[in-house]
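In these entries I record what I looked up in one protein chain. I began with a pair of charged side chains and then moved to the helices and the core.

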Amino acid sequence: MVQLQADSDTLNELGFRIIAVCIDPPEVLAKTAVDWGLGMPLLSDPELKLAHAYGVAFRPEGRPGLPVPAVFLVTEGRVRFQYVNPVYRVRLAREVLLAAARALSPRREGE
């Protein structure tokens, strides 16, 4: 989330808004936003309803469920780019995200 925050100005200029969805309760997310200096909305999904709807939830042994890291670029109400990796330590490279955002931007650079 810190990297997304660092790229938020660029993504906003390209017409995208960052919204993070986490399993933590709202009071924990509020503290996280302050502690990490995040300006993006942090939405709480403790029951994994959104994670299941987007197909990014899994059930590890002994746990009720967790989401995997995922990034979606949505334009005109459609998912146009998605990154999902079941290996939670492997995150989307910022260069790939920015390249996809530039390619799909409703405010394409240089036009």
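**Entry 1: charged pairs**

I first checked Glu 47 and Lys 49, and both are exposed. For these notes, exposed means over 50% relative accessible area, buried means under 20%, and partly exposed lies in between (1.4 Å probe, protein chains only). The model is a predicted one, in which local features need pLDDT of at least 70 and side-chain atom pairs count only at pLDDT 80 or more, while totals for chains, interfaces and linings use all residues. Residues are numbered from 1 along each chain as its sequence is written, and side-chain values use heavy atoms, with hydrogens and water left out.

The side chains of Glu 47 and Lys 49 meet in a salt bridge, at 3.4 Å from N to O. A salt bridge here is a side-chain nitrogen of Lys or Arg within 4 Å of a carboxyl oxygen of Asp or Glu. By this rule I count three salt bridges.

I noted a general point: side chains of opposite charge can pair when their charged atoms come close.

Which parts of the chain does the pair of Asp 7 and Arg 94 link? Their side chains form a salt bridge of 2.6 Å, N to O. The pair links distant parts of the chain, with Asp 7 in the loop between α1 and α2 and Arg 94 in helix α5, 87 residues apart. Helices (H or I, at least four residues) and strands (E, at least two) are DSSP runs, numbered from the N terminus. Asp 7 is buried at 3% relative accessible area, whereas Arg 94 is partly exposed at 36%.

**Entry 2: helix α3**

Asp 35 forms a salt bridge with Lys 31, the closest N and O atoms being 2.5 Å apart. Both residues lie in helix α3, four residues apart, about one turn of the helix. Asp 35 is partly exposed at 48% and Lys 31 is exposed at 52%.

I then asked which residues of α3 are buried. They are Leu 29, Thr 32 and Ala 33. Seen down the axis of α3, these fall within an arc of 100° (taken from the directions from the helix axis to the C-beta atoms), so they line one face of the helix. On the other side of α3, Glu 27, Lys 31 and Val 34 are exposed. The cover over the buried residues of α3 includes β1 and β2 (42–44). Just after α3, Gly 37 takes a positive phi of about 65°.

In helix α5 (residues 94–104), I found Leu 97, Leu 98, Ala 100, Ala 101 and Leu 104 buried. They cover an arc of only 160° around the axis, which puts them on the same side of α5. They pack against α1 (2–6), α2 (8–13), β5 (70–75) and β6 (78–84).

The largest nonpolar core has 21 residues, and those with the most contacts inside it are Leu 11, Phe 16, Leu 42, Leu 73 and Phe 81. Such a core is a set of buried Ala, Val, Leu, Ile, Met, Phe, Trp, Tyr and Cys residues joined through side-chain atoms within 4.5 Å. α5 gives the most to this core, with five residues.

What does Phe 81 touch, leaving aside its neighbours within four places in sequence? Phe 81 is in contact (heavy atoms within 4.5 Å) with residues including Leu 73, Val 96, Ala 100 and Leu 104.
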